[in-house]
Amino acid sequence: MRWFVTLFILVFPAIICVPGCGDYSNEQLEEDLEFLSAVPAKEVMELRVADTNPRVLGDSEQGLNSIQEPLLGQLAEFYVSSLKVTAGINQGVLGFLDSVDKIVHFFPPVLREKDRRVWGPWPSDDNPDVDVRFSMLKQAPGQFGIFFQLRLVSRAETMGFDEGWTDCIHGQVSPQGLVKRGTGTLVVDLQSCAEVDENSGQGTATVLFDTAPDAENRDGKTELSIDFVDFLGRDGLKNGDLPLTANYYYLERSDKSGKFDFRTWSDVHAETDPQLDALEQWDWAVRWTDDGCGRADLRISGGDLGNFEATASECWNSDHKRVYFSNPFASAPDPTEEGSEADCCLPAAVFND
Amino acid sequence: MSASSTKRRSLWTAFVLVLFCHQFFAAHALANWPAGDMKPFALIVGNNDGGPGMQRLMYAKRDARKFEDVFVQLGHLKKDDVWTVLEGDADQVRQAMSKMDLAIGRAKDSGQRVLLIFYYSGHAVDGTLKLGNTSLYMSDVKLWLKNSSADVRIAFVDACQSGEMTRMKGGTLAPSMVSVDDTKGQIIVTSSAASEGSQESDEIGGSFFTHFLVSGLRGDADVSGDGIVSLREIYEYAYNRTVNRTANTRGGTQHPTYGYSLAGRGEIPLTTTYMLESGLLFPSELSGSYLVYNLGSERVAAELNKKKGEERFIAVPEGDYLVKKRREHDLLLGRLHVRHRKKTQVMDEELQPTSFDDDMIKGLVLIHERTWKIGFSLRMGAEAFFDSPTRDDLFYSSPQVGIEIAFIDLIARNFSLTMDLMFAGGEDDTQVELDTGVMQTVPTSFFRLQVGAGVYYRLDWSWFGLYGGPRLVLLMASRKFGAPMENYEAQTFGSLSPGLAMGITLHLGSWDVFMEGRVNYLYYNIDTDASLGFGGGYFGVAYRH
């Protein structure tokens, strides 16, 4: 009896565990942190004209749709228009980064390999026949590939874990300097998405970003260059909207000053002369200082204007209230100019063609 | 000196002793002193453990219980008037003495005459009774007996060198008193002389002396056949039987001794065999040596050597018994049932002839008492890894609490087999340097569990002890990270870790206070193959039973 007890006490621990088992690892922690830190945070990628998050204004009466009759001292019209554009970009392209940030933060990866992590798959919210997953690959020290992939659910039964996936959104990120900041690219390839889910949309959107700190911006910056080519998302496709081809450049410095340049095409004569239906080129140059005071210059050219071009300008104070407005297309009784340009905190923009 | 002269000398000594006893009791003309005239109180002490350096006894506790049983069943001793200290220490005995003094005082105040019985079975050496790691001076016991307000105090001491008790004092006979019922004084009966050992026997499952003491008290010592076993009868009986039985043992002949300081005329009846009314009746035609084994209590109840022509009654309670009669070439063995208030007659014809090899009783009495102790301890302390980076960012330093169970003397004497559970936990920061050079701090909560088993060698003295030995640990560690990793699963690790433990302990009766240090080796093979060391210091309390 006593020898049985002795043997049991001594041997029992050895039976239940082989020496050195588990995942108690600082290397794994370091890798997890690197993957997690590589994904840019939504806060550092978000477009905010004059330090104003468009989500703050929303669609309320006091918000983006509140402009009824812009006058001096009221909310600046061009400022609000710029915010509407940033809201669209934030919701569309950068919304994906926000989702990725949430995925890597809230869910541990289902696959942990040396230099690779995989999250998911999950059933797609938009199409029950499609699985989605997200994976990251450490391609080199300080360089990560990111992949948002789709696969038909039916393929899961016949294919291996990594087989049959289509890269729907992909890119590269290079963390630099501070956690969740760096440089990189992001390509939203709706053409590839549509190969698996035909309702995904069409076209591509390419985002080049740089949120790393530099000599002038020690706390980091937000610099984005976004190109839409024949881009039409799932909702636009459903609504019968026209595809978007446009270029946006956004820079917010660490002191919160910044600029936002973008070009669109629209018919300036749509309401005044339906016969002149060619699309004119609209070049926007929006600038703001660290206290929110700013200026937007809109140059309209081409289309039915031929070689003629005109520039409309609006300046606002730190409360985003209009202090100066000039509109060469205004017709009586509307004035072509309100206020004094001397009240503007920034000079007129210089357009680079 | 030749063997024959030694034998003659032993016989002469025995003859002189018996003669002396006979003269003493003759001087105290035996009165028909009814049992129950004196209210008996008893302190019964049994301890197998004699402390460091003493071989553990097998049957001391069992003997104490046998002695208690016979006095409760046949000696008018009420259960409430018995203080039994088994495997206890000297303090527990002293406490029992104090309680007994109070009870005796109350009895005396109510006008009762009181008989005090002290029984001890265990180790004794150099004038002390050895109770585990503690000692009780025989002189203190004698002083207690002397100062007791009981009218008659009788001590039975079944221990090696117990004759020391009768040698130190006593042996003087006070003048006779007038009354026949006013016997007062003190008698000490010991199992061996001052220079002798007292022996135990596996065959009878107890010490020779107590075995014959109990057998006699159950009726075999009732030479007069009046149903009362007196002190004189039991001493003569136990003396003769013990001397005869131990004459050929390896331990040498054991001579019980007798010391007294008694005044009065009363004979002292100890048990009345008719009190129980049930028992085994050995009719006059039977002769030989019989051993009675109680199957209920799993103890030898009595032994008697019977001559033809005399009837003997062994008072035992209702139950099942095995009766064995030893013959020259074989045994007679039989199972008998004793009914309540019935005398069951033993007949040789009803016993089955059995070879010596098939002696059932021999197997039954060899059921050993538990010779090991069990101990429990609570402990707290702190633990840390020796390597600084490991201590800071992998296995964090932490306070620890734990419990331990120890099987003391289970494997071998002075060896303890231990099992313990130790818990450590807390919160710390883990510093991680990313590829970008950014140093990130992750708040971390951690928990460690150790399941340990050790074999320690112990050296115990009366008030302190030392121990130490190897210890094998199953270490299980877990940690969970805070922001930004708060949603990630916990990391876990398990490994066997050999080590050493050493401690010092302070004995406080059955309780110990101890300090202990431990060092362990850990082979860590998750990130890299590394040999790590860690250690801890603890203090705590332990209880041993």
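Me: Which strands does helix α6 (residues 208-220) of chain B lie across?

Reply: Helix α6 of chain B lies across β15 and β16 of chain B, at about 70° to β16(B). Helices (H or I, at least four residues) and strands (E, at least two) are DSSP runs, numbered from the N terminus. Axes are lines fitted to C-alpha atoms, for helices over the stretch in contact, and angles run from 0 to 180 degrees between N-to-C directions; contact means heavy atoms within 4.5 Å. Keep in mind that this is a predicted model, where local features need pLDDT of at least 70, side-chain atom pairs count only at pLDDT 80 or more, and totals for chains, interfaces and linings use all residues. Residues are numbered from 1 along each chain as its sequence is written, chains are lettered from A and ligands numbered from 1 in the order in which they are written, and side-chain values use heavy atoms, leaving out hydrogens and water.

Me: How many bridges pair β15 and β16 of chain B, and in which sense?

Reply: Strands of a sheet pair through backbone hydrogen bonds, either parallel or antiparallel. Two strands count as paired if DSSP finds at least two bridges between them. Here, β15 (residues 288-294) and β16 of chain B are antiparallel, with seven bridges. B:Tyr293 stands opposite B:Val300 in β16(B).

Me: What is the strand order of the open sheet in chain B?

Reply: Its five strands run β16-β15-β18-β19-β21, with antiparallel pairing. At the edges are β16 (299-306) and β21 (352-354) of chain B, each pairing on one side only.

Me: Let's turn to disulfides. How many are there over all chains?

Reply: A disulfide is a covalent bond between the sulfur atoms of two cysteines. The cut-off used is a pair of cysteine sulfur atoms within 2.5 Å, and a search of the whole structure finds three. One of them joins A:Cys168 and A:Cys193, with sulfur atoms 1.5 Å apart. A:Cys168 lies in strand β6 (residues 166-175) and A:Cys193 in helix α6 (residues 190-196) of chain A, so this link ties together parts 25 residues apart in sequence.

Me: What is the handedness of the disulfide of A:Cys293 and A:Cys345?

Reply: The torsion about its S-S bond is about -130°, so this disulfide is left-handed. A:Cys293 is buried, at 8% relative accessible area, whereas A:Cys345 is partly exposed at 32%. Buried means under 20% relative accessible area, exposed over 50%, and partly exposed in between (1.4 Å probe, protein chains only).

Me: Are A:Cys315 and A:Cys344 buried or exposed?

Reply: Both are buried. A disulfide joins them, S to S 1.9 Å.
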